[in-house]
Number of protein chains: 6
Amino acid sequence: MNAAIYPGTFDPLTFGHLDVIERASRIFDRLIVAVGVNASKEPLFTIQERMDLVREVVAPLANVEVDSFDGLLVEYCRRKQVHALIRGLRAFSDFEYEFQMALTNRKLAPEIETIFLMPKETHSYLSSSMVRGIAAMKGNIEEFVPPAVREALERRVVPRVIRNDAASEE
Amino acid sequence: MNAAIYPGTFDPLTFGHLDVIERASRIFDRLIVAVGVNASKEPLFTIQERMDLVREVVAPLANVEVDSFDGLLVEYCRRKQVHALIRGLRAFSDFEYEFQMALTNRKLAPEIETIFLMPKETHSYLSSSMVRGIAAMKGNIEEFVPPAVREALERRVVPRVIRNDAASEE
Amino acid sequence: MNAAIYPGTFDPLTFGHLDVIERASRIFDRLIVAVGVNASKEPLFTIQERMDLVREVVAPLANVEVDSFDGLLVEYCRRKQVHALIRGLRAFSDFEYEFQMALTNRKLAPEIETIFLMPKETHSYLSSSMVRGIAAMKGNIEEFVPPAVREALERRVVPRVIRNDAASEE
Amino acid sequence: MNAAIYPGTFDPLTFGHLDVIERASRIFDRLIVAVGVNASKEPLFTIQERMDLVREVVAPLANVEVDSFDGLLVEYCRRKQVHALIRGLRAFSDFEYEFQMALTNRKLAPEIETIFLMPKETHSYLSSSMVRGIAAMKGNIEEFVPPAVREALERRVVPRVIRNDAASEE
Amino acid sequence: MNAAIYPGTFDPLTFGHLDVIERASRIFDRLIVAVGVNASKEPLFTIQERMDLVREVVAPLANVEVDSFDGLLVEYCRRKQVHALIRGLRAFSDFEYEFQMALTNRKLAPEIETIFLMPKETHSYLSSSMVRGIAAMKGNIEEFVPPAVREALERRVVPRVIRNDAASEE
Amino acid sequence: MNAAIYPGTFDPLTFGHLDVIERASRIFDRLIVAVGVNASKEPLFTIQERMDLVREVVAPLANVEVDSFDGLLVEYCRRKQVHALIRGLRAFSDFEYEFQMALTNRKLAPEIETIFLMPKETHSYLSSSMVRGIAAMKGNIEEFVPPAVREALERRVVPRVIRNDAASEE
C-alpha cells in the first residue's frame, strides 16, 4: 500500500496545509498528518490541541489519519515504515530551507523520498505565524483558516506579533 | 488628494528609508511616514524617539508628515482614508516577505494598494539592524544614517549584535 | 605574501567549512581561520573549544593558522594587515545576506576584498545549526562533521533544536 | 496632474496586464499604456493590432489612453513629460530583469521613477508567450485573456511554441 | 493503479533525468517517460532517436515505459488517463519556470497534479544543453550521461555551443 | 606565481568587467583576461576588436594581459597552467547559471577553482547586451563603458535590440 507522511507543526493548520493534505490524499492510498512536538519552539497550541484541530478539519478525508511525533522525523518514518514525505512548496516559502531539509533527511535516510506539492496559488502566501499575528490584533482570519481553527484562535489569548503587519523595515 | 502611507519600525531611520521617503514624496501629494509601535519586538529607540528622529530628518520635505500606529496596518490606513501603501524593495531585502505581506494586506483590505519603490542601489544593502550592530561595535556609520540618527545612536548604549560583522558561521 | 582570513562562528566546524578552508589554502599562501567571539549569540561551544576543534582538524594544512577575534571584522583584518576575506557561497545559503555583509564591509573598509568560494555540492546544504539539531536528537552526524567534532558534540548535552527535522510548516 | 506610463509589448494583452492597468488607473489621474514597437522581436500581432486590442479592452477605463512608442523608453517618457513608469512585479516573473531595467532607466533618466505594482496572485504566472503557445496548440485560453484577445488569437495562425507545455528538457 | 507521467525533451537524457526516473518508479506503480516532439526547437536527436536512447537506458526498470507526445501535455495526460505529472526540481534549475508551467497546467486541467522530486545534489547542475555543448567541444561527458547516450553524442556531429564553457559575460 | 584567468565574451567590455579586472589584479600576481571566440553567438565585435578594446582599457594595469581562447575553457586553463578562474557575481546576474557553470567546470577539471568577486554595486546591473541595446537606440552610454568602448560602439552600426528598454512584458 502506497503511504505518505505530511509532517509539520500546524500551529495552527491553515487553508494552505489543508490544500496540501487534500492533494496528497488523492495521490496516495494513505496519508499520515504528523504533528511535530517541537520542544524548542513555544507553540501557541499544545500538541494535543493541534492534533485535535487537524483531526476535526480532515475528518471528511477517509484515507487521512493524524498522529504526533517527537525526535528525528526520519526515525518516525522508519517506525511507521513509510518512505514518502510530503512537503508543500509555496512560491513565497523558504524554498532553500525545504531543499536543505530534504537533502539532510536524504543523507540520514536515503530510502525516504521527499515529494513536493504546490498548494493553490491563492494560499501560497499563507503561514501559521502570519495567521497568529493577525488574530492577535483582532483581524479577520476567515479567509486563512477553517472555521474550527478560527474559533480556537479567537478563544485563545494570543501574544501580539506585529511583524506581519507593521512591516519590519530593517 | 493623492496620499500614501509609508509604514515601518524605523529603529532607526537609515539613508535607505530616507531615499524611499524622498521618492514617494515626489509621486504623491501627501506622504505619511507611519512608525509602528511594534509591541512584540524590543526596539532600541522608543516610539517617541523614533518619531522625533524621522521628523527631524524629513523636516525639509513639505508634504511629508510623521505619525505612529498600533495594531493592524490596514485598519490604520482605513482610519486615515489612505489607499496607497509604500514599501521599498531592496535588491538585498526579503523580497518574498514583502510579497507575502502585501498579498495578506490585500486580502484583509482589497481597496488598499501596495506600491513598491526601488531605493538607490548604493542603499540597497542597508538595514536598521546592521546599523545598530555596527554602532554597537563603535564602527563608523556616517555613510549609513543621517547625522541626527548617528548622534542618537552614539549616545545610546546599544546591545552588541555581532552577526552583521563576524559572519554567521553557516 | 598573499594572505586571507576566513571568518566564522564555527559552532561547530562542519565538512562544509573544512572544504572551504582546503580550497582557500590552495589559492593563498597563508590562511587565517578567525573564530568570532560573537557575544550576542549563545554558542554551544566556548570560543576556546571552537578554536581547539578547528585547530585539531586543520592541523595537516601547513599554511593554515587559527585565531579568534572580537568586534568589527574589518578592524581585525586591518590589525592583521590582510586584505582578502574568504566566504563560502553555498547554493542553499543566505546568498543575499552574504552580499549585504560584503557590501557593508566594503563600505567600512574599501581596501578589503571579499572572495567567494563554492564548497563541494554535497556539502552545500550543511549548516552548524542543523548539525547541532541532529546531534541533539541522537541522529547520526558522521557524514556532516569530522570525527573530532562528532565526539565533542556527543559529549556535550545539547539543547534540542527540532526545526531542522520536524519541519516548521508556517 | 499625476500621470504614469505602463510600457510593454502586449503581444497580446493578458488578464495580468489588465489587472496592472486597473490598479494603476486607480492610483494615477492619467495612465498611458505604451505599446512598444520592438523592432527586434517578431511579434505575433502588428503594433496596430496590439494597440487596437488594448484599446478595446481598456475602453471602460476613462483615464487610460493607449499609445505606441519606438526607441528608448525614457526618451518617450520625456517627450510625454511623464515621470512615473509602471511595471507589474509577478511572483513568477524575471524579478532581476525588472530591477536591472529599472536601474538602467534611472541612470539614463534620474527624474523618472519606476513604480512596481503586484498583480492578483491568480495572474502571477501569466505570460504572453505562454498564452501564444497554448493557443497554437488549440488549448483553452479563456482564463488567461479577455474575450477580444481570445478571438484575435484564434483567428491568427500562430507558430507552434511547445516550450510552455512539453517541458524544457533541463 | 497508481500511474505517473514524466515529460521532457530528453535531448539527450542525462544522469539527472535518470535519477528522477528511478525515484518516480519507486513511488508509482507505473511510470511513463513521455518524450515531447517539440516542433519549435531544433533538437539534436530525432524523436525516434531520443525515445530509443531513453528505452535502452531505462530497460532495467520493469514499471517504466517510454512514449512520445505532441501538442498539449495535459491533453496527452487525459488520453492516457494519468493524473500525476513528475518534474525534477533542480536547485540550479528554472524554479520559477517550473511553477509557472505547473500553475498553467493546473488551470488547463485541475485534475492533474504536478509532483516535484529532487534529483541527487551531484546531478542538480546537469542540463541537456550543457552536455551537448561540452560534447561539441570534445569534452569528457562520462560523468553526465549514461554510456549509450555518450556514444550517440560522440557519433553525432554536434553544432558548437560554447555558452556553457566560455562564459557569456553580459 | 599566483595567476588567474578571467574569461568572458566582452562584447563589449563594460565598467562592470573593468571593476572585476581591477579587483582580481590586486589579489593575484598575474591576471589573464581571456576573450572567448564563442563561435555560436554572433558577436557585435570580432574577436580581434574585442581583444583590442580590452587591451586598450587595461593598459594601465601592469600585471594584466589579454588573450583569446577557443574550445573548452578548462582545457585553455590547463594549457596556461592556471588553476584559478575569476567570475564577477552581480546581484542582478544569473547567479544560478554561474553556479551551474562552476560546478560543471569543477567536474571537468577538479584542480581548477572558480573564485567569485563582487563588482561595485553601482555596476551590478550592467550587461554587455544592455549596453549594445542602448547604443543601438542612440542612448547615452558613458556611464556604462569606458571611452574607448563608447567610441567603438558609436562607430559600429548596431542591430537594434529593444528588450532592455521597451520592456518585454510577457
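How many disulfides does a search of the whole structure find over all chains? The search finds zero, where a disulfide is a pair of cysteine sulfur atoms within 2.5 Å. Cys77(B) is buried, with a relative accessible area of 0%, and Cys77(D) is likewise buried at 0%. Here buried means under 20% relative accessible area, exposed means over 50%, and partly exposed lies in between (1.4 Å probe, protein chains only).

This is a predicted model, in which local features need pLDDT of at least 70 and side-chain atom pairs count only at pLDDT 80 or more, while totals for chains, interfaces and linings use all residues. Residues are numbered from 1 along each chain as its sequence is written, chains are lettered from A and ligands numbered from 1 in the order in which they are written, and side-chain values use heavy atoms, leaving out hydrogens and water.

In soluble globular proteins, nonpolar side chains tend to be buried together. A nonpolar core is a set of buried Ala, Val, Leu, Ile, Met, Phe, Trp, Tyr and Cys residues joined through side-chain atoms within 4.5 Å. The largest such core holds 372 residues, and those that touch the most other members are Ile86(A), Ile86(B), Ile86(C), Ile86(D), Ile86(E) and Ile86(F). Beyond its neighbours within four places in sequence, Ile86(D) is in contact (heavy atoms within 4.5 Å) with residues including Tyr6(D), Val20(D), Phe28(D), Ile115(D) and Leu117(D).

Helix H6 of chain B, residues 147-155, has as its buried residues Ala148(B), Val149(B), Ala152(B) and Leu153(B). These residues lie on the same side of H6(B) because they cover an arc of only 135° around the axis, the arc being that of the directions from the helix axis to the C-beta atoms. Glu154(B) and Arg155(B), on the other side of H6(B), are exposed. Helix H2 (47-58) and helix H5 (128-136) of chain B are among the elements that cover the buried residues. Helices (H or I, at least four residues) and strands (E, at least two) are DSSP runs, numbered from the N terminus.

Rings of Phe, Tyr and Trp (its six-membered ring) pair if their centres lie within 6.5 Å; planes under 30 degrees apart count as stacked, over 60 as edge-to-face and the rest as tilted. Tyr6(E) and Phe10(E) are therefore edge-to-face, with ring centres 5.4 Å apart and planes at 80°. Phe99(F) and Phe116(F) form a stacked pair, 5.9 Å centre to centre with 20° between the planes. This pair links helix H4 (residues 95-108) and strand E5 (residues 113-117) of chain F.
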